[in-house]
Amino acid sequence: MEGVSYPQPDRREAKNAQRKTATEAPVTSSSTPGLARFNTLADDEATTALHEVCASAAWGRAILSRRPYATTEALLLASDAATAALPPKELADAMAGHPPIGRPKPGDPASSREQRGMAGATEELKAEMLELNLAYQKRFGHVFLICATGATGEQMRDAVKSRIGNSPEQERGIVRTELGKINRIRLTRLATEGE
């Protein structure tokens, strides 16, 4: 019909809608209770929760900046990207938040749970692990980092023995991968709390 004008969509809204990524999509009822809670935490509370996952402030800011997350997988993908992008100083900060294998932080349930494989280790294995941890730290200047969840004390010992001969560059790559695995496990726990 001539003379009839129909409302035109706001071009800015359409453009903004196209720019949304999976991590920025609105939270739906498919979100888990823990994820919905994380998405709605005040920034300072979310920062504290993220610091318990990873001690790097840059990693925490990257995760925080993309809230809300539609799914746990979107949160984990954001973590992978943030971990891969950590500059050396921030990677060092992240590693500093992890205690040596065999010596979980007192009062830290995450490190105790993750290092459960060392809990039943023999005194000989604990002593050997302490020695290997010290040798590793002397060689690389940081704690031996491994995703210890589900690993036995013997597997952790064998890992440090095999990695101590790596070059610093090789070891940084392995450490980043192990940190990514740890962050994923901890974030999954955060996102599924209350299920």
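Student: Are helix 9 and helix 10 roughly parallel or roughly antiparallel to each other?

Tutor: In this predicted model, local features need pLDDT of at least 70, side-chain atom pairs count only at pLDDT 80 or more, and totals for chains, interfaces and linings use all residues. Residues are numbered from 1 along each chain as its sequence is written, and side-chain values use heavy atoms, with hydrogens and water left out. Helix 9 (residues 123-140) packs against helix 10 (residues 153-163) at an angle of about 30°, with the axes 10 Å apart; axes are lines fitted to C-alpha atoms, for helices over the stretch in contact, and angles run from 0 to 180 degrees between N-to-C directions. Angles under 35 degrees count as roughly parallel, over 145 as roughly antiparallel, 65 to 115 as roughly perpendicular and the rest as oblique, so the two helices are roughly parallel.

Student: By class, which residues make the contact of helix 9 with helix 10?

Tutor: Contact means heavy atoms within 4.5 Å. Helix 9 contributes Leu125, Glu128, Met129, Leu132, Tyr136 and Phe140, and helix 10 contributes Gly153, Glu154, Met156, Arg157, Val160, Lys161 and Arg163. Ala, Val, Leu, Ile, Met, Phe, Trp, Tyr, Cys and Pro count as nonpolar, Asp, Glu, Lys and Arg as charged, and the others, Gly among them, as polar. The contact therefore has seven nonpolar, one polar and five charged residues.

Student: How many aromatic pairs does a search of the whole structure find?

Tutor: Rings of Phe, Tyr and Trp (its six-membered ring) pair if their centres lie within 6.5 Å; planes under 30 degrees apart count as stacked, over 60 as edge-to-face and the rest as tilted. Searching the whole structure gives a count of three.

Student: What parts does the pair of phenylalanine 38 and tyrosine 69 tie together?

Tutor: The two rings are stacked, at 6.5 Å centre to centre and 25° between the planes. Both residues are buried (under 20% relative accessible area; exposed is over 50%, partly exposed in between, with a 1.4 Å probe and protein chains only). The parts tied together are 31 residues apart in sequence, because phenylalanine 38 lies in helix 2 (residues 33-40) and tyrosine 69 in the loop between helix 4 (57-65) and helix 5 (72-84).

Student: Is the pair of tyrosine 136 and phenylalanine 144 stacked or edge-to-face?

Tutor: Tyrosine 136 is buried at a relative accessible area of 0%, and phenylalanine 144 is buried at 1%. Ring pairs also link Tyr136, Phe140 and Phe144 into a cluster. The ring centres of tyrosine 136 and phenylalanine 144 are 5.1 Å apart and the planes are at 75°, so this pair is edge-to-face.

Student: Which residues does alanine 62 touch, not counting residues up to four places away in sequence?

Tutor: Alanine 62 lies in helix 4 and is partly exposed, with a relative accessible area of 28%. Its C-alpha atom is 10.0 Å from that of leucine 86, 24 residues apart along the chain. With residues up to four places away left out, alanine 62 touches Tyr69 and Ala82.

Student: Is asparagine 183 buried or exposed?

Tutor: Asparagine 183 lies in helix 11 (residues 168-192). Not counting residues up to four places away in sequence, asparagine 183 touches Val53, Cys54, Trp59, Ser79 and Thr83. Its relative accessibility is 0%, so asparagine 183 counts as buried.

How values were computed: Helix = DSSP H or I, 4+ residues; strand = E, 2+ residues; numbered from the N terminus.
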